[in-house]
Amino acid sequence: MEHRDAGFNIMLATDSYKVTHYKQYPPNTSKVYSYFECREKRTDPSKSRKVKYDKTVFYGLQYILHKYLKGKVVTPEKIQEAKEVYREHFQDDVFNEKGWNYILEKYDGHLPIEIKAVPEGSVIPRGNVLFTVESTDPECYWLTNWVETILVQIWYPITVATNSREQKKILAKYLLETSGNLEGLEYKLHDFGYRGVSSQELCVMLNNPRLGTDTVAGIGVIKKYYGTKDPVPGFSVPAAEHSTITAWGKDHEKDAFEHIIKQFPSVPVSIVSDSYDIYNACEKIWGEDLRSLIETRNADAPLVVRPDSGNPLDTVLKVLEILGKKFRPEETPKGDGVDINTLQEIVEGMKEHKWSIENIAFGSGGALLQKLTRDLLNCSFKCSYVVTNGLGVNVFKDPVADPNKRSKKGRLSLHRTQNGDFVTLEEGKGDLEEYGVDLLHTVFQNGKIVKTYTFDEVRDNAKLKESELEELH
């Protein structure tokens, strides 16, 4: 089943300079082999971030393959379109029309490349190979790095998933320390990122492997490109926004609260309470006027009091203090507008003030999906092997001015050592039996997706391991 935009043209989905590269490789080149990794970052310890991001969650390749690379992506019309665009763009005839016509005629427009990758959801230490790409036809050696541009966009779902998992680790640590169990962990950080991204495309690429989400577009994408055993891969609850409170007028905030909470008697409901005075809302409206209404609600349908302004830690602690005096300290105030650093500060502050993390859930929008760049995890795609004049050559870069950018050499494979560590073998040494099976599996070959993962498998691969939880506690 094709899900591709009919207007998408793979010949126009690359960096301009790559259009000329088929003329730049050594004469008689017959294969180009490249790999993707999140490079290790060697930094000055005094300047290091609070969060190290030592491991990354590999996620999103399956979406890109389905959306852009599988099937017949080359047609006569698209070749003509690209030819005309590049003629004007370069003011010269540099487009490889012959090469693309070859793919059209010999492969019916399917791309003669092979991609091997680690399973989606895998948690892999930085500095290891995550996927490799190679041409499968000597005439199409130049195609490997043509598709780099579209493939490297995987940096985004990888970074979002990695950032989310690191936040989950922080929440797990403090939840264990303050409550002794991990009940409700999956719903402690809710995704409100839909409006925070710059396009619908970015929104659906995130497909964040979490259970609590308001990003509806991501749900459809997950079902379409990954599949789930459940009807939906993520859940939400009824929640107020400022307009549904302020529309009642400042003098009728209590009426707004009462009306909304009565509309949803049997499920959790989140009500933003800082339209005017969050502390008065907690003290007087929730703590006195509507107290009996809240206390009669089922434990499975709690009220979530949501502050949405002020210093996050100070506000959360004061709201907890007020509500803790008015109710048995079991209600759930909800912090919002947080990134990974403020989340850390809030849960640490709550622990210091003897509050269990059971009492809080977080919503994150822009910070979860937008305070990120490709450099956060140093996502990199580099050529490591070519065949020229029939001879394989291990190639690499090693810039004198930046040792961090030294690249790997030769054909690569990924393995687990006996003690469970990951190791990337270079220069084709992965055939040695002592290292065991290669963890890179062929997922794409000559236009066909040959291996897929369900979203349930992705989640299972990315879940926090027992050993990690033991380290946290």
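Mentor: Gladly! Let us begin with contact, which means heavy atoms within 4.5 Å. Please keep in mind that this is a predicted model, where local features need pLDDT of at least 70 and side-chain atom pairs count only at pLDDT 80 or more, while totals for chains, interfaces and linings use all residues. Residues are numbered from 1 along each chain as its sequence is written, and side-chain values use heavy atoms, with hydrogens and water left out.

Trainee: Which residues is Ile158 in contact with, leaving aside its neighbours within four places in sequence?

Mentor: They are Phe36, Cys38, Thr56, Val57, Phe58, Tyr59, Leu130 and Leu377. Ile158 and Gly60 are 98 residues apart in sequence, yet their C-alpha atoms are 6.8 Å apart in space.

Trainee: Why is Ile158 called buried?

Mentor: Buried means under 20% relative accessible area, exposed means over 50%, and partly exposed is in between (1.4 Å probe, protein chains only). Ile158 has a relative accessible area of 0%, so it is buried. Ile158 lies in helix α6; helices (H or I, at least four residues) and strands (E, at least two) are DSSP runs, numbered from the N terminus.

Trainee: What makes Asp456 buried or exposed?

Mentor: Its relative accessible area is 19%, so Asp456 counts as buried. Asp456 lies in helix α16, residues 455–462. Leaving aside neighbours within four places in sequence, Asp456 is in contact with Gly227, Thr228 and Lys229.

Trainee: And what class do Gln91 and Glu427 fall into?

Mentor: Gln91 has a relative accessible area of 58%, so it is exposed. Glu427 is at 37%, so it is partly exposed. Gln91 sits in the loop between α2 and α3, and Glu427 in the loop between β14 (422–425) and β15 (441–445).

Trainee: How do you know that the buried residues of α3 line one face of the helix?

Mentor: The buried residues of α3 (residues 97–107) are Gly99, Trp100, Ile103, Leu104 and Tyr107. Seen down the helix axis, they fall within an arc of 140°, so they line one face of α3. The arc is that of the directions from the helix axis to the C-beta atoms. An α-helix has 3.6 residues a turn, so residues three or four places apart point the same way.

Trainee: What do the buried residues of α3 pack against, and which exposed residues does the face turned away carry?

Mentor: The buried residues pack against α2 (76–90) and α4 (143–146). The face turned away carries the exposed residues Lys98 and Glu105. Just after α3, Asp108 takes a positive phi of about 50°.

Trainee: How much of the protein counts as buried?

Mentor: Of its 473 residues, 52% count as buried. The protein has 17 helices and 16 strands. Of the contacts with a separation of 6 or more, 76% come from residues 24 or more positions apart.
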